[in-house]
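Hello,

Here is the structure we talked about handing over. My notes on it follow below.

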Amino acid sequence: MTPYRLAILAAVGTGIQVGGAIVATRFAVGQVGPGSLALLRYAVGCLCLAPLVLASGLPRFRARDVAPVAILGILQFGVLVALLNLSLQYIPAARAGLLFATFPLLTLVLGAATRREPPSARVALGVAVSVLGVGLTLGEGAVAGVGGPGEWLGAAAALGAALTGAVCSVLYRPYLERYPTLSVGFAAMAASVGFLALVAAGEGLFDGWPQVDLAGWAAILFIGLSSAVGYLWWLFALRHAPPTRVTMFLGLSPVTAALLGTLVLGEPLTAGAVAGLVLVVTGLGVALR
């Protein structure tokens, strides 16, 4: 199988993993702050990757590349996840997943603006159809009169997370071409843990043992373990396929989040959400046909 096809499979796995992590985060975020949850998530992820890094040799970066990789890690794991966790305090997992699905559109725009990826009419059409699904779901909430301050804060946070991810997806490519995927992933994740420790301290995480029940700890472990694997898949996909094509598969995350949110959390699956999911999947098919 060619590296490109493997990259597409890795992107599919990442899209599903993100949806599962969104639902697990929705379950656990009520017991621990968004920054603290992000810290625990990637501390677990780092512990999972550490044996692999030690076995393959510690990463060696050029001096000029250390700071950019660390900043990308702080954005990808710190800012993005904290914003997404914040959004899940105010809006259901399915809606957060759909808003986060604007990721490919933003990546397309940034890729074209920086001339890193020539725009494609077919991909643009697919992305537009997916974003229409996002707008349909968000509009349903507004018409229903649930767009209070908390609702719109959650929506803004989810969109901010998508923008952060799009910036990172475009800027990661040069470093993935110079260094092994595992080295970049571990260095970026480790940098974010230091940043997130400051955020978690502000939330009082270190004032005492977190008041998290057994199910909450299970959710945190699941998020951390799956994030470590999913992020390596994500970087592998970005290394071997165009960023816009890879990020399109995040359209699978709202599908996964909606289904698991209904099955696990008992969240309602409204007609607008179903229509939005259909449009997101349709857009994915148009772009990758």
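Ser226 lies in helix α9, residues 214-240. Helices here are DSSP runs of H or I, at least four residues, numbered from the N terminus. Ser226 is buried at 13% relative accessibility (buried is under 20% relative accessible area, exposed over 50%, partly exposed in between; 1.4 Å probe, protein chains only). Its side chain makes a polar contact of 3.2 Å with the side chain of Gln17. A polar side-chain atom of Ser226 also lies 2.8 Å from the backbone oxygen of Phe222. A polar contact is a pair of N or O atoms within 3.5 Å; within protein, one must be able to donate a hydrogen and the other to accept it, and residues adjacent in sequence count only if both atoms are side-chain atoms.

This is a predicted model: local features need pLDDT of at least 70, side-chain atom pairs count only at pLDDT 80 or more, and totals for chains, interfaces and linings use all residues. Residues are numbered from 1 along each chain as its sequence is written, and side-chain values use heavy atoms, with hydrogens and water left out.

Next, the rings. There are 2 aromatic pairs (Phe, Tyr or Trp rings, the six-membered one for Trp, with centres within 6.5 Å; planes under 30 degrees apart are stacked, over 60 edge-to-face, the rest tilted). Phe61 and Tyr179 form an edge-to-face pair, 4.7 Å centre to centre, with 70° between the planes. They sit 118 residues apart, Phe61 in the α2-α3 loop and Tyr179 in the α7-α8 loop. Tyr179 is buried at 8%; Phe61 is partly exposed at 21%.

Disulfides: 0 (cysteine sulfur atoms within 2.5 Å). The closest cysteine sulfur to that of Cys46 is in Cys48, 9.2 Å away, too far for a bond.

Best wishes

Terms used
Helices (H or I, at least four residues) and strands (E, at least two) are DSSP runs, numbered from the N terminus.
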